[in-house]
Amino acid sequence: MKKIEAIIKPFKLDDVKEALQEAGITGMTITEVKGYGRQQGHSELYRGAEYIVDFLPKVKIEIVVVDEDVEKAIQSIIESAKTGKVGDGKIFVTSIEKIVRIRTGEEDEEAV
């Protein structure tokens, strides 16, 4: 099993969610995050004073899938989150050693 973490632009969240559902992937955790990469933030004016906005708002999506669904999930995220502009985001894939559903005690693939 793999954990997929995707950092995307906030306005793309609904598109990504729909694409993952269409691919048969259900269950996800969403976190509002801030960060920067090549985008480097920007400067704004507020009441006549200029200040730098270093960290830009993003959304982090976390899903856990069986190994066979990893590529399908990645492609769904890429196709639905891509705008072609700097700051579209990143996808990280890591291995999951164990999962336990607290309510039932189910483990691993049954717990997903």
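**Exercise 1. Find which backbone oxygen lies 2.8 Å from a polar atom of the side chain of K58, and describe the place of K58.**

Step 1. The backbone oxygen of G87 lies 2.8 Å from a polar atom of the K58 side chain. A polar contact is a pair of N or O atoms within 3.5 Å; within protein, one must be able to donate a hydrogen and the other to accept it, and residues adjacent in sequence count only if both atoms are side-chain atoms.

Step 2. The model is predicted: local features need pLDDT of at least 70, side-chain atom pairs count only at pLDDT 80 or more, and totals for chains, interfaces and linings use all residues. Residues are numbered from 1 along each chain as its sequence is written, and side-chain values use heavy atoms, with hydrogens and water left out.

Step 3. K58 sits in strand β5, residues 56–65. Helices (H or I, at least four residues) and strands (E, at least two) are DSSP runs, numbered from the N terminus.

Step 4. K58 is buried but has no salt bridge; D88, the nearest side chain of opposite charge, is 7.1 Å away. Buried means under 20% relative accessible area, exposed over 50%, partly exposed in between (1.4 Å probe, protein chains only). A salt bridge is a side-chain nitrogen of Lys or Arg within 4 Å of a carboxyl oxygen of Asp or Glu. For charge, Lys and Arg count as positive and Asp and Glu as negative; His and the chain ends are not counted.

**Exercise 2. State how many salt bridges the rule gives, and examine the one that K12 forms.**

Step 1. The count is 7 salt bridges.

Step 2. K12 pairs with D15, with the closest N and O atoms 3.5 Å apart.

Step 3. K12 counts as buried because its relative accessibility is 14%. D15, at 37%, counts as partly exposed.

Step 4. For another case, K98 forms a salt bridge with E107, where the closest N and O atoms are 2.7 Å apart. E107 is partly exposed, at 36% relative accessibility.

**Exercise 3. Describe the largest nonpolar core and the contacts of I63.**

Step 1. The largest nonpolar core has 16 residues. Such a core is a set of buried Ala, Val, Leu, Ile, Met, Phe, Trp, Tyr and Cys residues joined through side-chain atoms within 4.5 Å.

Step 2. The residues with the most contacts inside this core are I4, I8, V16, L20, I25, I61 and I63.

Step 3. Two or more residues come from each of β1 (2–8), α1 (13–22), β5 and α2 (70–81). The element that gives the most is α2, with 5 residues.

Step 4. Leaving aside neighbours within four places in sequence, I63 is in contact (heavy atoms within 4.5 Å) with K2, K3, I4, L20, I25, G27, M28 and A73.

**Exercise 4. Give the order of the elements and the overall dimensions of the protein.**

Step 1. There are 2 helices and 6 strands, running β-α-β-β-β-β-α-β from the N terminus.

Step 2. The radius of gyration is 17 Å, well over the 13 Å that the globule rule gives for 112 residues, so the protein is more spread out than a compact globule. This radius is taken over C-alpha atoms, and the globule rule is 2.2 Å times the number of residues to the power 0.38.

Step 3. Along the principal axes, the C-alpha atoms fill a box of roughly 60 × 30 × 20 Å.
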